[in-house]
Amino acid sequence: MTHCNFIAYSFFITVLFSFNSHLVYSQKLAYPPPAPKWDADSLGNHRAVVEVTGHRDIAKVKILWRRPDENSENKEIIITDAITGKRIMNMYAPEVNREYGLIYFQPESGHKTYYVYYMPYRLKGSPNYPQAVYPEPVQTVAAWSAAVKKSAHFAAAHVVKLEAVDPFNSFYPMEMIATKVEILKLIKEHPDADYLVFPEDRMHPIKMEHDLPYRWIKEDVKRTLSGTADKGEYYAFQLGIYAVKEDLQNVKIRFSPLRNKAGNTISDSLITCINTNGISYSGDPETFQVNVPEKNIRAMWCYMEVPINARSGLYDGIATVTADNAPATKINLHLTVTHRTAVNHAVNEPWKMTRLPWLNSALFQKNNVIPPYKPLQVSGNVISLLGRKIILDNSGFPKQIQTFYPIEMTSISDIANNLLTEPVHFHIINDDNKDIRLQDGGVHFTKQTPGTVEWETTDESPAVEMKVKGHIEFDGFVSYQVELITKKDVHLNDVKLHIPMQPEAAKYFMGLGYKGEYRPDSIGWKWDVATKNQDGGWIGNVNEGLHFELRDQHYSRPLNTNFYLLKPLVLPTSWGNNNKGGINIFTKGKSVLVNAYCGERTLKKGDTLYYNFNLLITPFHPLYTDWHWEHRYYHDYKPVNYIQSVGANVINIHQGKYINPYINYPFIATQQMKAYIDSAHKLDMKVKIYNTIRELADRAYELYPLFSLGYEIFPAGKGGGYPWLQEHLNGDYIPGWYTPETNDAAIVNGGASRWHNYYIEGISWLVQNVEIDGLYLDDVAYDRVTMKRVKRALLQDGHPGIIDLHSANQYDKNDGWNNSANLYMSLFPYINRLWFGEYFDYNHNGPDFFLTEVSGIPYGLMGEMLQGGGNPWRGMIYGMTSRLPWTEGDPRPMWKVWNEFGIVGSQMIGYWVPDCPVKTDNRDVLATVYKKEGKALVSIASWAKEDTSIHLKIDWKALGINPATATITAPAVKDFQPAASFKPSDAISVKKGEGWLLIIKRKK
């Protein structure tokens, strides 16, 4: 491009977009969003408006579009008449590339304006996981293209403007690419530069990794960044690093203090580059190495915490960019501090990137005890917590684990349930197939706080030593770091962990490829992390149990919910041992033995292996049945008066709804959300919102700063998905859920990252400013560390902090054959209700499955059913109904029975209780009793293979009712049962898969 043409094109670009000053690059997103200008699904998101001023049969136009997409020459171009909308079929484009397109077409006589759509797409795939495909160019009629080639004169045409279907889809200005000629010219002008630094303000996020934006060509390389901030504001800015000659290694930014003329300073300690320095999701300082490949760009995002007491005026400082293999570059920083004081650090204006410091937040990290749990108490080697105790052996491992929940699960007693027949222990087996005896070092407590107790010991032998560090928290989470260190070269036949369970405490099992069920006589399992999201399981009974997981120091949380295979578990070096390891569960003597083994291996002197494992002692707390009966959910966005009229008092606002439009980013429609919540609170109703970590909406203001962090937030992927993702991201991502109603395309998050810190700050902000009452979690991609912080954020200042967890059944190929309850059990201590979920089969699984995988009861929880409305008869023996109005079932008739009976204040006595006061004479027809003074609501459900009849076996004394004066009635319940009455001796017909709801009470 000649110098004159370069100047002319600079003017063209300025004029081209001057009419579109409202286009979004990082301004506040309009909500509701503006209507699209045309149908993007048929024409694409981008067009040039072309005006024909000549009068010949063939028009010629050169469109300098500077588009960022690859393979632009292989994509269709559609031209339409602006007046008629008719497609112009006679079109020939001999030159199409990312910089420009040379196009000939046949205009309609007398019509001047035409639209040239240059990235049309077609949607394939499913509605929620669409895949945009860009068709190849339509073959031009040979005779017409031949005529073009023969012609020497053409009708004059020019580009009036470039347009996007809406502001959100615009490429302007940060995705308008510089041409090859412009880049070469820029490099020649800086012949000694190993890299170039482009200071950029916060309102123009750097978006492209492989192309320089034309904006930087137009403005040239600057050595100064100027900005304005209020006192107390979190002020963000960027330095774009462009590697010119070779890969840059270990890029860092060092800051000087900023000073004004009066000598006042802003300390350099208040300036942070999020790309190199941060606080981990677990609260630990961390650093990151940034390398920039040759001819690539890396945005280095920084923020400054402007002191609230800073004097107004101009402050000057220096940012020094360094790399291990290139000279330093200094950038002058000029910050004008205004007379104003920012409200809450200006985080209420996230389009200014004022929330970037949230990534490095440690908010609610302190492990304070969360209700209903109690502070840990230590007496000797005994650690007590809510409803449970752990007694430590001198080896540091549990000598005994106890729970104090009666089988009914509605209270805490003084009678202990012992889980173990002998202490948990390791067997280290030498090549003679004999145990290497370790000398116990005794337990030494290293930390005792209300929320956490830690201890350590070292068990030794001449060949190996085992360093044990134990950790227990107030909710019953126990973790062990077990280092096995060799003192000399050894060959080991095996290293085994034994958990010897009492048979009564091992009635059920879930995990390792097994659905929740009665424990099989024998379980044999091997590691297979490539296809199985399995590293442990739960073994227990209704009122006593253990969840266990095997880990090592390299554990990284995998993806889940459709994406496990894209980022699976890392095989533990210790337990996995190149897939030699596994777990067996079988009866041995008086025990049910959990035997985790790793197989034989040879170790050199000084080798260290980590045989880490985690335990969860269940149940976490008793059932809070009254809370369950009193809180009735409505899962949709409807007027609050209507929701109240149908009997619900807790509203869940799903993503994709008017006041919560964008998945896991509830910060766009906050005014609308606040108004709705206020109206609900006036009626004494609660409102919870969908907000989790699993994927993130494309409209997140911080999306490009997050991508600048490499793979920390978003894992590597193959791109694709909805067109916005393909057109505005770099192709290295995993597309997530798409919501057609709000045109919301998401990107899948990775595992544990600093985005969890942002998430906690965001929840806290929503509690304080929007007054949400809790969260609806739709599958979760974080662990218990984050979950505890979530609960603390939600409970702050007396807020109710209600959380319910929904999960689609994870027991399938894409999810690695895990169980939802197994996957999320470490989060259960902070959940108020379960909603399991899509693909759960309530009709073709036994009561053992219902109890362990769906109901939540063995963990202290209660739940609701989803798929197909659930099975209302079977659900009710666990206190479960469907959820209004999400599925086919309608819980209102059941609510009516609850109200009329007065279920609040009743004692739930499940069929699993040996002395349940009402049973049937058919082992496949079960009964649960909700007992009150002088009456009982009896839920009956059948798992018999065919229609049957039963007789009730009633313990009248336990009910406190005289059979001579008792009545047994079945209230009419719509779509459930007709009204009926029975005598105690009557045979009661029960249909296959159904049941009854009976009321037994004294005659008045």
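Student: Which residues form one aromatic cluster with W351?

Tutor: W358, Y665, F667, Y701, W755, Y758 and W765 form that cluster with W351. Keep in mind that this is a predicted model, where local features need pLDDT of at least 70, side-chain atom pairs count only at pLDDT 80 or more, and totals for chains, interfaces and linings use all residues. Residues are numbered from 1 along each chain as its sequence is written, and side-chain values use heavy atoms, with hydrogens and water left out.

Student: How many aromatic pairs does a search of the whole structure find?

Tutor: The search finds 61. Rings of Phe, Tyr and Trp (its six-membered ring) pair if their centres lie within 6.5 Å; planes under 30 degrees apart count as stacked, over 60 as edge-to-face and the rest as tilted.

Student: Why is the pair of Y92 and Y104 called stacked?

Tutor: The ring centres are 6.2 Å apart and the planes stand at 25°, so the Y92 and Y104 pair is stacked.

Student: What makes Y92 count as buried?

Tutor: Buried means under 20% relative accessible area, exposed over 50%, partly exposed in between (1.4 Å probe, protein chains only). Y92 has 18% relative accessibility, so Y92 counts as buried. Y104, at 10%, is buried too.

Student: What is the geometry of the F667 and W765 pair?

Tutor: That pair is edge-to-face, with 6.1 Å centre to centre and 70° between the planes. Both F667 and W765 are buried.
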